[in-house]
Amino acid sequence: MLVLITYDVSTISTDGQKRLRQVAKTCENYGQRVQNSVFECLVDPQQLKELQIKLKKIIEPESDSLRFYRLGANWKGKVEHVGAKQGYDPEGFLMI
């Protein structure tokens, strides 16, 4: 399933800046950054649960937020890209 993850981390303090980097790094392990604080992650239900647990351990709920949008298995008809930065196919070929 494709999951869109968005986050807003307070960066007023150095701890907040550290949390922001940790959230981004954790999301990078599961998907592709498509905007500054937005990731598209192609995961199964177990991977999503694992990712949610990891992210919830990083953030401070009083000042930070996470949003998970489950687009499901039929996500291709639900995502439209317009503008700069070509879109990518998370099911496509990955070149490292």
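**Exercise 1. Decide how many disulfides this predicted model holds.**

Solution. 
- Start with Cys27. The closest cysteine sulfur to that of Cys27 belongs to Cys41, at 5.6 Å.
- Apply the cut-off. A disulfide needs two cysteine sulfur atoms within 2.5 Å. The Cys27 sulfur is therefore too far from that of Cys41 for a bond.
- Check from the other side. For Cys41, the closest cysteine sulfur is in Cys27, again 5.6 Å away and too far to bond.
- Conclude. The count is 0 disulfides.
- Cys27 is buried, at 0% relative accessibility. Cys41 is buried too, with a relative accessible area of 0%.

**Exercise 2. Find the salt bridge of Asp64, and state what the pair ties together.**

Solution. 
- Find the partner. Asp64 pairs with Arg19, with 2.7 Å between the closest N and O atoms.
- Asp64 sits in the loop between helix 2 (45-58) and strand 4 (65-72), while Arg19 belongs to helix 1 (residues 14-28).
- Asp64 and Arg19 are both buried.

**Exercise 3. Complete the list of 3 salt bridges in the whole structure.**

Solution. 
- Side chains of opposite charge can pair when their charged atoms come close.
- Take Glu28. Its side chain meets that of Arg33 at 3.7 Å, N to O. Glu28 is partly exposed at 41%. Arg33 is partly exposed at 33%.
- Take Lys54. Its salt bridge is with Glu50, the closest N and O atoms being 3.8 Å apart. Both residues lie in helix 2, 4 residues apart, about one turn of the helix. Lys54 is partly exposed at 39%, and Glu50 is partly exposed at 36%.
- Close the list. With Asp64–Arg19, Glu28–Arg33 and Lys54–Glu50, the search total of 3 is reached.

Key. Residues are numbered from 1 along each chain as its sequence is written. This is a predicted model: local features need pLDDT of at least 70, side-chain atom pairs count only at pLDDT 80 or more; totals for chains, interfaces and linings use all residues. Side-chain values use heavy atoms; hydrogens and water are left out. Buried means under 20% relative accessible area, exposed over 50%, partly exposed in between (1.4 Å probe, protein chains only). A salt bridge is a side-chain nitrogen of Lys or Arg within 4 Å of a carboxyl oxygen of Asp or Glu. Helices (H or I, at least four residues) and strands (E, at least two) are DSSP runs, numbered from the N terminus.
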